[in-house]
There are 6 protein chains.
Amino acid sequence: MAVVVRRTPRCDLELINEISSFGVATIHEAQGRRGLMASRLRPIYRPIHVAGNALTCEVAPGDNWSIHVAVEQAQPGDVLVVTPTSPCDDGYFGELLATSLVAHGVRGLIIDAGVRDVAALTAMSFPVWSKTICAQGTVKETPGNVQGPIVCAGAAVRPGDVVVADDDGVVVVRLEDMVAVLESCRQRERNEDEKRSRLAAGELGLDIYNMRDRLTERGLRYSDESPE
Amino acid sequence: MAVVVRRTPRCDLELINEISSFGVATIHEAQGRRGLMASRLRPIYRPIHVAGNALTCEVAPGDNWSIHVAVEQAQPGDVLVVTPTSPCDDGYFGELLATSLVAHGVRGLIIDAGVRDVAALTAMSFPVWSKTICAQGTVKETPGNVQGPIVCAGAAVRPGDVVVADDDGVVVVRLEDMVAVLESCRQRERNEDEKRSRLAAGELGLDIYNMRDRLTERGLRYSDESPE
Amino acid sequence: MAVVVRRTPRCDLELINEISSFGVATIHEAQGRRGLMASRLRPIYRPIHVAGNALTCEVAPGDNWSIHVAVEQAQPGDVLVVTPTSPCDDGYFGELLATSLVAHGVRGLIIDAGVRDVAALTAMSFPVWSKTICAQGTVKETPGNVQGPIVCAGAAVRPGDVVVADDDGVVVVRLEDMVAVLESCRQRERNEDEKRSRLAAGELGLDIYNMRDRLTERGLRYSDESPE
Amino acid sequence: MAVVVRRTPRCDLELINEISSFGVATIHEAQGRRGLMASRLRPIYRPIHVAGNALTCEVAPGDNWSIHVAVEQAQPGDVLVVTPTSPCDDGYFGELLATSLVAHGVRGLIIDAGVRDVAALTAMSFPVWSKTICAQGTVKETPGNVQGPIVCAGAAVRPGDVVVADDDGVVVVRLEDMVAVLESCRQRERNEDEKRSRLAAGELGLDIYNMRDRLTERGLRYSDESPE
Amino acid sequence: MAVVVRRTPRCDLELINEISSFGVATIHEAQGRRGLMASRLRPIYRPIHVAGNALTCEVAPGDNWSIHVAVEQAQPGDVLVVTPTSPCDDGYFGELLATSLVAHGVRGLIIDAGVRDVAALTAMSFPVWSKTICAQGTVKETPGNVQGPIVCAGAAVRPGDVVVADDDGVVVVRLEDMVAVLESCRQRERNEDEKRSRLAAGELGLDIYNMRDRLTERGLRYSDESPE
Amino acid sequence: MAVVVRRTPRCDLELINEISSFGVATIHEAQGRRGLMASRLRPIYRPIHVAGNALTCEVAPGDNWSIHVAVEQAQPGDVLVVTPTSPCDDGYFGELLATSLVAHGVRGLIIDAGVRDVAALTAMSFPVWSKTICAQGTVKETPGNVQGPIVCAGAAVRPGDVVVADDDGVVVVRLEDMVAVLESCRQRERNEDEKRSRLAAGELGLDIYNMRDRLTERGLRYSDESPE
């Protein structure tokens, strides 16, 4: 009863490429702090960066069959997002699957489970975020859904949502929010550039952000003696 | 009542050097997916690789005395495999012990506990897989067994079994299985070379592995509408 | 009811710079194995090293306001030490705060929580030890104590205690112990240099440290047959 | 920018009371193994059981303000489902909030964070599933969304979805699936009753489920000697 | 170089017995949310409660020798607080030591490590909070400090500080703060009694605590449509 | 290529019933502190106790097929010991399988994975030690070895080894060691009975075990002033 959904929306790659110039932390702030995957997902090398359309895939524990099914649904600019139906650390993915994904234009992999062949994946510069690195292989007995809505590492992902990942983690931007989030990112970055210059010159955040009165109001006081 | 067993078998270094050209994931598959240590053992630097005869050593929690005892039993081509008798994260091993092991031809360390001096170990290119990195030192009060059968990170290891480790983890090949496993590795690699070319050319795993009928039989279906 | 203590002691930077030539493992041994932070604190890049006066800061969960307060108390040679009042993995600290700290001469950050912008922090060579890397931002609603005594990752830290951190972890040296610990470090290092040469020449630790009699006394015996 | 959605659907309590006679494991199977929350959510006492309409609530780390907001939206038969916007172990909920929920007909609490006053909650027989038990209190500074769609412990939950929880864990049934899932539960239970009698009489699952041929086909063989 | 400090202060048992009528959550709030041990310390049975003077004890990993040393320093009304010098899950403590402590008037045990014989400890109603339950025994080779200042499960404890523990966890009250904390506990409890009655009658926290205006100010808004 | 070994040794049930009067901690000490499973295995209810011949079973992740195969190999007095070939938290075992095991005289279950139906298992008084409680079901696609040698939760187990488990954990006694271990248990218990009486009378362990001189020799000293 696994289903592959073939006609799914995708975000325009121009928008994706533009958002890819922003970091995950910036995008997460820009969209009101939503859509972040759990920090247990770590990149296999650093520095690292990817952005693309989510190609979603559910796998059974210890079973990577549906990843093969997902490859056929791939389009250039996709990022494969894989979630197990129950927690598993096995190495679902290695060099051969990466070779296949690259041949179909897939830009990277997000997986809430394990991967293997990480020396080869690193040598290929194929970006991967995973929960574990583990040599344990998988079987091909139980297919899972492909291109359905999933929850991956605590974040809801639908096919066509945009996934951006870097050294800090992985964030999902909903397709319908892309234009607004991009605009918000641009504003945040302009704002940060100005702040960065003032902070580098030694100005205090306390003054730049006018925090002193509010801190006093919230009960902060200064003392010349230790409270202990 | 700790025992050091002096006459233990060892595998021929030519066989070991040959198996060392294969990755841990390949070897693990080739021997029917057995002998893999838990993925909590991580290398201190990457890329990394080692293969050798297991020199086994049990240590008490917070006590590294038997590692000194083990050094005397070392022979060129050994890999030291250390397991604590109860879980411990202390730094059992550092630069001085590595210097001593190198002087006796030991190729690397597998330890289900902590190590320290990792900057120096990395500078020496001494390969180490450990559960933790921790500066906490150990005492020398309770000796443990050396060259007895142990369980390390979930895998049974006997002296003279062969240990191979790389970026993906650590696998144990039983001495008596070495010739068969090597042959199986060679076959797998030839098979993978062919698959890699076809996948790189864009052929689908679904077709290369003839998966389509079996997927249908197992209930996979395609839809042009989302199941939600 | 948060308090900022303004007049706190600091250790002379000459002493700090001298202790910074020793590794964390050496310092920890030299002061009787005390003051080590938990090994969950990991550096964001390697190799890495820092030593400085502890500038202490408590933060509420998901709230980094008091880090801004701490910056104003910074003096050149400080290392910022941040502990949350309950466990939290959020990214409390990123590039902008690092820019501000650098402008005030702060040498690094120790935080028992998460950080973000690690690609930028690495590019700046700003040394950070943290529990997690996480893009999740924080709010500014609840100030915490600055320059009070804290417990960070299991170690007690007072303002002006000296913090040294490297690839192996983080250790705290009490201000009043600095001179004695430094002298003990120097002795240990001389001792280790001699040991290293002898071990490199193939001498056994069993002989260098005269362990054989005591091992026998503790029940170690040698056998030519396996105990199993 | 937190939002409270006031007009949300709810499932008929008769259906909920009927599904509450089935265990979580049965319901999870009956709906195709979806909707299970992560096993880190544990009940504060056992045996324990609840079923109700999900009243969803997001909380900031260390901040339980929106739970107070949620109480006003409660209707008899609801189960409060709380998820933090980033991982937190604090004790968000205790006896006073339970008293308030009981007064409004709420049947229990599911929270992917900590609770406190568990002796009192147990004495009240107020059913709670939480990630931790922790005395650490929370602040009231940052409101979160109430009755929006959330992800809690890895499962997507919308207001009006039905939550069932027992000693085995917590499962979410989508409102639109309730009738079909109930029917499937009834069938499974009839089927299990028959199986239970045959198994109790000593019949083997191998025979009841006709597994022998398929096991042989999958490579199972019997031996009178150990493979080692 | 382990030290046993013999003349340490103790709090009057009358004060301790009075504070023991309050829960850990109340005491923690009453003293400004400080002094809570990490929630990994769990009671071996429930319901459970203890309060007493801290009798502090450091143990080496896998070595419980100093617990025997500590018994001699015990006075009626003490609670033994044990912390390992590096993390360890071994069973440091069982029925025999509990028998000895009871004979000297010790009221319970807080240990950031493992215990064993929990069936017997439960039958004796000897209250214990530990990190693990583990049958693994310990050696007696390395003494540790007794009645010195320690950090246990993230909280600083000095001999004579008061330790209170219940189903929710463990809190430390500094000796010098006892009178003030007691008074604050009494006030909190009176306040809670009134709140409890009003909440039980169905009044909303939003109204009792006057939260509505401040919630609006912080951006909370109500909607009759889902934000998604 | 899974194998079921049919002719395996078993220990006499009289010996097993006799050892079952001793606790796991005592047995573990009596056999030189070996054979203990990791403390992550916890009983589903307490107090709890079982002893029996190990009936060993390997399962694939998320696949409980070989448990059905194992039932056919069961003999009265067996304890089923199940280990997954890679870590998995799924609920491999519930009421139906327990019913089947009871019908064949199996006394309990040790599993380094999850179980479900724990309310029913508790009501049946069927003793279970597991890593997790989880409602997630499993498939039947990949058989595993039955009655081969395994590693379960860090301990090596062969069919016919004796497994004893109680509130403190799980220990394995090798078949060939049973007589000696039993004798050693009896001696330990006699010894403990005497110690218990003396400790209950207030005598100190320091005196009973003659520890004072050795403590002084190891550097313990007494002080009337705090070392800080």
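In this predicted model, C:Arg186 forms a salt bridge with C:Glu183, with the closest N and O atoms 2.7 Å apart. A salt bridge is taken here as a side-chain nitrogen of Lys or Arg within 4 Å of a carboxyl oxygen of Asp or Glu. Both residues lie in helix α6 (residues 178–200) of chain C. They are three residues apart, about one turn of the helix. Helices (H or I, at least four residues) and strands (E, at least two) are DSSP runs numbered from the N terminus. C:Arg186 is partly exposed, at 26% relative accessibility. C:Glu183 is also partly exposed, with a relative accessible area of 33%. Buried denotes under 20% relative accessible area, exposed over 50%, and partly exposed the range in between, for a 1.4 Å probe and protein chains only.

Residues are numbered from 1 along each chain as its sequence is written, and chains are lettered from A, and ligands numbered from 1, in the order in which they are written. Local features of this predicted model need pLDDT of at least 70, side-chain atom pairs count only at pLDDT 80 or more, and totals for chains, interfaces and linings use all residues, while side-chain values use heavy atoms, with hydrogens and water left out.

Over all chains, the structure holds 142 salt bridges. Side chains of opposite charge can pair when their charged atoms come close. One salt bridge links A:Lys131 to A:Asp89, with 3.1 Å between the closest N and O atoms. A:Lys131 lies in strand β6 (residues 128–133) of chain A, and A:Asp89 in the loop between β4 (78–84) and α4 (95–103) of that chain, so the pair ties together parts that are 42 residues apart in sequence. A:Lys131 is partly exposed, with a relative accessible area of 26%.

Another salt bridge crosses between chains. A:Arg116 pairs with B:Glu29, the closest N and O atoms being 2.9 Å apart. A:Arg116 lies in the loop between β5 (108–115) and α5 (118–123) of chain A, and B:Glu29 in helix α2 (residues 24–30) of chain B, so the pair joins two chains. Both A:Arg116 and B:Glu29 are buried. A network of salt bridges links A:Glu141, B:Arg214, B:Arg218, D:Arg214, D:Arg218 and F:Glu141.

B:His68 lies in helix α3 (residues 65–73) of chain B. B:His68 counts as buried, at 8% relative accessibility. Residues up to four places away in sequence aside, B:His68 touches B:Leu97 and B:Lys140, together with C:Gly205, C:Leu206, C:Tyr209 and C:Met211. Contact means heavy atoms within 4.5 Å.

In chain D, seven strands form an open sheet with mixed pairing, in the order β2-β6-β5-β4-β3-β9-β10. Two strands pair if DSSP finds at least two bridges between them. Strands β2 (42–43) and β10 (169–173) of chain D stand at the edges, each with a single partner strand, so one side of each is left without a neighbour in the sheet. Strand β5 (residues 108–115) and strand β6 (residues 128–133) of chain D pair in the parallel sense over five bridges. D:Val115 stands opposite D:Ile133 in β6(D). Helix α3 (residues 65–73) of chain D lies across β3 (49–59) and β4 (78–84) of chain D, running at about 130° to β3(D). Axes are lines fitted to C-alpha atoms, for helices over the stretch in contact, with angles from 0 to 180 degrees between N-to-C directions.

Chain A can be laid on chain B with an RMSD of 0.0 Å, by a turn of 120° and a shift of 0.0 Å along the axis. The two copies are thus related as by a three-fold rotation axis. Copies are superposed by least squares on the C-alpha atoms of residues with pLDDT of at least 70 in both. The mean pLDDT (the predictor's confidence in each residue, from 0 to 100) of chain A is 96. In chain A, 99% of residues reach 70 or more. The model scores ipTM 0.95 and pTM 0.97.
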